[in-house]
Structures are given as structure tokens and as C-alpha cells.
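Hi there,

Here is the structure I promised to pass on to you. Have a look at it first, and then read on for what turned up in it.

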Amino acid sequence: MTMNNIRLTYLIDNLLRAGTQTALLYLAEGLSRCGYTQRVFCLNRRFDAGVVGELEALGAEVVVLGRKAFLTGSGWRALYRILRKTDIVQTFLPFSDLVGRFGGKLARVPVVVTSIRARNIDKKQWQLFLDRLTMRWADRVVFNTNTVVDYAIAHEGVRPEQVVVIPNGVRFKEPAPRSSPVLKGIVPAGAPVIGAVGRLRPQKGMDVLLDAFARLPDQSVHLVIVGEGELHDSLRARAAAAGLQDRVHFLGARSDVPEMYAAFDIYAHAAYFEGMPNAVMEAMAAGLPVAATRADGTSELIRDGETGWLVPIGDAETLAEKLSAAIGNPDLRRDVGNQAAIFMQEHYSVEKMVNAFDRLYSELIKTSLRK
């Protein structure tokens, strides 16, 4: 092993196109230029072929293995063989965090880095028990926001000396004009558009967003929701029950999300809890004003009234008020969106994120060599 040829293995629950996977792609791209040999071990057969292709184009080896393989033992054998040839294992998402900490200890990987990317209030007690049991085997725990650190120390077995905070990075382009043909045939020309991107699961608060949208007095406004998840059918039913089916559009998972931002007039994010939401970061970087709940990392991104608006978690009425005020004031939307883009450029570049991980890995490898 040399400092310019570190063998790095990532473990991740799935390779669908979502926030954590985007961060992984940015990290793999940056570290490929630093001479790292990279492997990605996906612990579920849920993957986006485009994401896999992008990783492989960066020179990373990608191994996709279903969870059932770990029940039969073949998954553990495959993982053990890979980890025995690994200098650093970096884990992302809850199942991979557990497997990676245990597997890294078993295979005697010199450096084990795990991650916590949200305040995991939905974890079961047995999951928290396993977290506390295995967290001791991590050399460092990377958080993407300061706001969830105390919760992880109190509930997930993290020790203060393990904590490293590395915010997500985001790509930047010049803020696009608020027009795009991507919604042609979906939303009437000239209609104001509220956009939301995220998994359709309880955490993301799409129910709150629908309730807020139903309260808007302007009946010309349309809501576009991009993403898939287990709540898809129930959210569609909720919109229909409120008589909103003609103005709420569920577009599923999309590969053209950057183009979508240019079609939105305002971005809404109603999550109950969060880490550092990539979709909010991307919307702000694209020059969109954002109205969001005051959920963990989101509150680090938005300066209320300056780069967006923050509302109490679960408060559909206040969210509706902020959205309505912004929809009715194009100058306000433009000014807040411009400030959001400037703020993101100053604080949340991909280069800063990659450099922080590179420094962390280099320091940990040097420490392991002295042992």
C-alpha cells in the first residue's frame, strides 16, 4: 500500500439514484483523480443501471449482491474476500453501516469509516442495539450535518472522538432562467410550479406538502413531485380525495432532475427529519427559492428570509403561507433564489467535500501504519 494507491471499498444499501448515491458518485469521481483504487459493494439488488455505469466509467469495480446472500453465508464470504484486499472501508446507509463495521473488524481492515446521514428516529430498538454494539469498531463516523451528532451520541453508540462532519457537496451551474420544456404537456404553459424531489416515504413529509398545497388560494398553481417509494399510491389517493388530481403531478424517478429545477418557480421540502438533503442543495444551487421545514440539516442550509424560508415541522398551514407569498411575488423569488445560489457556491462545493474525505483517509492510513 502507498499513500497514492489506497484501496477503498464502499458499502451501500442500494444504488438507486438518490441523495446518498449522488454523494457517492461525486466522491468516487474526485478520489479517482487522487489515485484511489475503488470498489463499490451494493448490498441489495436494487440499483439504477445508469448509476452503476457512471461508477464503472470512473474505474470503480461494482459488485451487486442481494441481502438474501448474507442469510445463506455467501454474501459474507464474498465481502470477506474483498475486504481482505482493502485498506479503507467506507459505509453508507443503515444496513451497510452495520455490515461494514462488523465485516471490517472480521477482515481486519486497517481503517473502518462509517456514516450517519440523518437523525434516525425511525430505527427500531434492536437496530439501535446493534449500532451500539458495532460502533466501537469504526475509526471515524462521518456526519453530513452537525445537527444530528448529539442524537447519534445519545442513541447510536457514537463516541465524541469518532465524530467527523463533512457536508455534502453540490455541482454548480449558472442559475437557469425559470423556464424549461421538460414539463410541456404536463403543466399548462405559464402556470406557477412548485417542485419537490425525494423518495415517497414517511420521512419526506409529502403528506404535509399535499396538505399545504390544498390550502393555496391560487388555483392556477401546480405541484410536481419527482421520486418513487412505498407511499406512491396513498399519496395519489390523498391528492385525489382533496380534488387536486389535475394539479398534482407524480412523475416518478427521473434522470433529468437538473432540467426539472429550471421548470420550477419554487422548491418545497416538508421532511420530518433529515441529514443534509441533496435535493434542497441542488435546488438552491440552481437559484431556486426554497420553502422547507426546520428539519436538522435543512436548517443549516437555509437562512430564513434570506436564502429561503423555514417553517415548523408538520405545519402545513405555515408552509402554505410561505409558498403563497412567494408564488405571488416574482421579484422576491428571484432575489431569494439568487442569494441561495451564492450561499451554496461559497459553502458547499463538491471539491470541498472530496478534499475533506481525502484528508481524513490519508490521516487514518498514516495512523494505521504507525500501529
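Which residue in β6 does Ile 116 stand opposite? The residue facing Ile 116 is Phe 143. Before you go further, please keep in mind that this is a predicted model.

Let's begin with strand β5, which covers residues 111-116. Of its 6 residues, 6 are buried, so the strand is largely enclosed by the rest of the structure. In a regular strand, side chains alternate between the two faces of the sheet. You can follow both faces of β5 here: Val 111, Val 113 and Ser 115 lie on one side, while Val 112, Thr 114 and Ile 116 lie on the other, and all of them are buried.

Now for the neighbours of β5. Strand β4 (residues 88-92) pairs with β5 in the parallel sense, over 3 bridges. In that pairing, Val 89 has Val 112 of β5 as its bridge partner. Strand β6 (residues 140-143) also runs parallel to β5, and 4 bridges join the two.

Helices come into the picture as well. β4, helix α5 (residues 94-106) and β5 form a right-handed β-α-β unit. Another right-handed β-α-β unit is made by β5, helix α6 (residues 125-134) and β6.

Next, the empty space inside. Rolling a probe the size of a water molecule over the atoms shows where such space is left. The count comes to 3 cavities of 30 Å³ or more.

The largest cavity holds about 70 Å³ of space. By class, the lining of the largest cavity has 8 nonpolar, 3 polar and 1 charged.

The second largest cavity has a volume of about 40 Å³. Among the residues that line it are Ala 196, Lys 204, Met 206 and Tyr 267. Here β8 (193-197), α8 (206-214) and β11 (266-269) each give at least two residues to the lining. Which element gives the largest share of the lining of the second largest cavity? That is β11, with 3 residues. The lining of the second largest cavity divides into 7 nonpolar, 2 polar and 1 charged residues.

Best wishes

Note on methods
Residues are numbered from 1 along each chain as its sequence is written. This is a predicted model: local features need pLDDT of at least 70, side-chain atom pairs count only at pLDDT 80 or more; totals for chains, interfaces and linings use all residues. Side-chain values use heavy atoms; hydrogens and water are left out. Buried means under 20% relative accessible area, exposed over 50%, partly exposed in between (1.4 Å probe, protein chains only). Two strands pair if DSSP finds at least two bridges between them. A crossover is right-handed if, with the strands pointing away from the viewer, the path from the first strand over the helix to the second runs clockwise. On a 1 Å grid over the protein atoms alone, a cavity is a set of points where a 1.4 Å probe fits but cannot get out, and a pocket is an open set with protein on both sides within 12 Å along at least five of seven lines; lining residues have an atom within 4 Å of a point. Grid points are joined across faces, edges and corners, and a volume is the space filled by probe spheres set on the points. Ala, Val, Leu, Ile, Met, Phe, Trp, Tyr, Cys and Pro count as nonpolar, Asp, Glu, Lys and Arg as charged, and the others, Gly among them, as polar.
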